[in-house]
Amino acid sequence: MDRVKVVLSTGQEIETEKGNSLAEVLAVNGMKIDLPCGGRGKCGGCKVTVKPLAGIEQEQVLACSYKVLSDIWVDIPQGLENPGAQILASGNKTPFLLNSGFVKVYDANQHETSVLLGDEVIAKEFGDTTRACYGLAVDIGTTTVVGYLMDLLTGEQLAVSSGLNGQRVFGADVISRINAVYTKESNLEQLQKQVIETINNIIAAVIQKVNIATDNIYAVTLAGNTCMHHLALGLNPKGLGQAPFAPVIQHPVEVTADSLGLALNPGARVWVFPVIAGFVGGDTVAAILASDLHQLEDGRVLIDIGTNGELVVKANGRMMACSAAAGPALEGAQVTYGMRAETGAISHIQLMPELKIEVIGEGPIKGICGSGLIDLLAELIKAGLINGRGKLCDPQSCNGPSHLKERLVKTDKGVRFIVQRPEENEGSEIFFSQADISQIQLAKGALRAALELLVKKVGLNGAEVEEVLLAGAFGNFMNVQQAVVIGLLPEWAEGKVSMMGNGAGEGAKMALLSLEKRVEAEEISQKVEFLELAGTADFQAAFIKGMLFNG
Amino acid sequence: MSEIFEEIKEAVIDGDEDLAGELAQKVLDENINPVEAVQQGFIKGIEEIGNSWKAGEAFLPDVMMAADAMKAGLAVLEPSIAELGGGDDDTGKIVLGTVEGDIHDIGKNIVGALLTAAGFKVYDIGIDQKAENFLAKAEEVGAQIIATSALLTTTMNAQKELIEYLEEKNLRSKYKVLVGGGPTSQTWADEIKADGWAETADEAVELCKKLIS
């Protein structure tokens, strides 16, 4: 049975059987695909853009009649995607023994099925339900929460759903959530309710997709950053708001679903990932677990790029982690024409020998997503339009090639590079400003500084690094060579980078399916040393250096 | 002599920490007046960077590197300036630090560099500092201004606590208290009855000049 890969513009990666219809693949994976003509290839309502994963030739096809015969990339138009588009639904898998701890035994005399966790009977069900044994792995992000419904008997992923974290009403970042509790203690209860409600909505969505009963979900694993961990458990996060940023508890916690208010079998067990430090949480533990970093040979680095970047290095028998406040610029925020990797985003760009742009989907260009921003910056450096400190050259004194020089415009807010003139893009101008460059410099400076200091701290020489594991939705689209040109990654990383998808989600799935993996996760949380970077002289020096371009 | 001042100025503008230190040593070796070296070399350099920053021509790394270069030079010269009985203290003394519970200091360091460039004597007490440490330093050096930085909404309350602490000690009127940092605002300064707030480092310099004159 041949398997092929379908990568969506939303970041989701799906493996499917060769020859399946694209519409079916999309529907099974939660896309709201509309087939007005019933999938007979008549109405064109399911038109999508596809291209070979390894090529650039795009074509428009009807999802209902298109058979997936090779690895492809599909642009998912807005409205079709499931919410929380950028989270990857799958990543690297390491083989491990399926052992969720749950056993179902059918007693024909009583005509009832017992659900056993070890020796303990956690539920009795009428009839033979031995085939229905499910669990939910949850990645609680500050912005997006993703739930994976898993079959505990086969280890198979049955459905994925995601939703925006209900706590957003208190602010976008963790500090604003913590501050809500500083402002009013009773907000803690509110914050807990909001995230539980978000998870309950996800539960409702996944069970609807595969038509199972919530009562047949017996296990849940939760992986989140330390703040999300505290808020989900109703622990006071105030300590995380001030130095030394100490968590209330670090070890893994197991509670019943009803004690948290989860709409599942009341006896279902919720296992919450342990955390490492105030800003290196259970999501990082889960990513380490999924990457196998703890079992791999020394000389490896794991980088999880999100709004907050977390880095872990393994060397000399030690694992050490730190967090880097990179900010959301690499996700397209705080950049004038920055955007997520959605329809209308420039995903790749080339300036030499001529301007060449790759856009996600059809229609006018709306902005530039993270991978496009990295490309653009790298290309400007290579063309000599940006100096080592990040300054765009003055249109008058610029020595750059003329087709690029004529795109430089001086305004009262500094120089801009015009990526698309209005006449080239249905009337809308797209530019990249000096201030935009500074935003990316700050983000990459923080990440690079963290990487350099961490590697140095464990006594590892960059050249000795064997592998750089990149987790997070953003990494999958990034051109590693361009990331090296802008200095986001050091030169020694070239040729060593492997993408691993949503590390936190993958780790949460593993802990759901394997009690042994939970033990490993706990060991990881105890073994990983934490390195605080903020406020050290070393950090400031490395941060400045990290902001520069060596081009 | 003006040649070496020019070289110092350029070293600061280029953010060349090593060269700035070497030139400062040369000032000492050749018996050049260190106070003049500071005023006509180091401060001129950081001033120029500060101005190009204001004009949008220099960027964060430029300013930070220049500040580090200046710091390196001043560290070499300070002992002999102290021996000479100090520079002119007329512009004012400022105690600067990041409040208790907060360990972020890059913004604070830039403010410190630009205040130094403007001729203030800046006593930077570092990060995660209790209210009593701000006061103790201010009393010790006879400062007029206490400037506090907070980078997190969860730590800015310590700025309020500092003001309350001064009130408790009946020393509130003795000092001008300034607040700054990402989450702070003029509204916040008004609310906690601080004497001033500035959004950017160069505005902080203007504010200090206004408060002391």
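The model is predicted, so local features are given only at pLDDT of at least 70 and side-chain atom pairs only at pLDDT 80 or more, while totals for chains, interfaces and linings use all residues. Residues are numbered from 1 along each chain as its sequence is written, chains are lettered from A and ligands numbered from 1 in the order in which they are written, and side-chain values use heavy atoms, without hydrogens and water.

Chain B contains nine helices and five strands. Here helices (H or I, at least four residues) and strands (E, at least two) are DSSP runs, numbered from the N terminus. Read from the N terminus, the order in chain B is α-α-α-α-β-α-β-α-β-α-β-α-β-α. The radius of gyration of chain B is 17 Å, close to the 17 Å of the globule rule for 213 residues, so chain B is as compact as a globular protein of that length. That radius is taken over C-alpha atoms, and the rule is 2.2 Å times the number of residues to the power 0.38. The C-alpha trace of chain B spans about 50 × 35 × 30 Å along its principal axes.

Of the 213 residues in chain B, 54% are buried. Buried means under 20% relative accessible area, exposed means over 50%, and partly exposed lies in between (1.4 Å probe, protein chains only). Among the contacts in chain B with a separation of 6 or more, 71% are between residues 24 or more positions apart; a contact means heavy atoms within 4.5 Å. Chain B has 18 positive and 41 negative side chains, and the centres of the two sets lie 8 Å apart. In this count Lys and Arg are positive and Asp and Glu negative, with His and the chain ends left out, and each charge is placed at NZ of Lys, CZ of Arg, CG of Asp or CD of Glu.

Next comes strand β1 of chain B, residues 93-98. Six of its six residues are buried, so β1(B) is largely enclosed by the rest of the structure. B:Lys93, B:Val95 and B:Gly97 point one way from the strand, and B:Ile94, B:Leu96 and B:Thr98 point the other way. β1(B) pairs with β2(B), residues 121-124, in the parallel sense over four bridges; two strands pair if DSSP finds at least two bridges between them. Opposite B:Ile94 stands B:Val122 of β2(B).

Chain A has an open sheet of three strands in the order β19-β18-β20, with mixed pairing. β19 and β20 of chain A are at the edges, each with a single partner strand, so one side of each has no neighbour in the sheet. β18(A) and β20(A) run parallel and are joined by two bridges.

Some backbone spots remain. Most residues other than glycine have a negative phi, and most peptide bonds are trans. A:Ala243 and A:Pro244 are joined by a cis peptide bond, with omega about 5 degrees; A:Pro244 is in the loop between α4 and β13 of chain A. Another cis peptide bond joins A:Met352 and A:Pro353, with omega about 0 degrees, and A:Pro353 is in the loop between β18 and β19 of chain A. A:Gln334 is not a glycine, yet its phi is positive, about 65 degrees. A:Gln334 is exposed, with a relative accessible area of 51%. B:Lys193 also has a positive phi, about 60 degrees, without being a glycine. B:Lys193 is in the loop between α8 and β5 of chain B and is exposed, at 59% relative accessibility.
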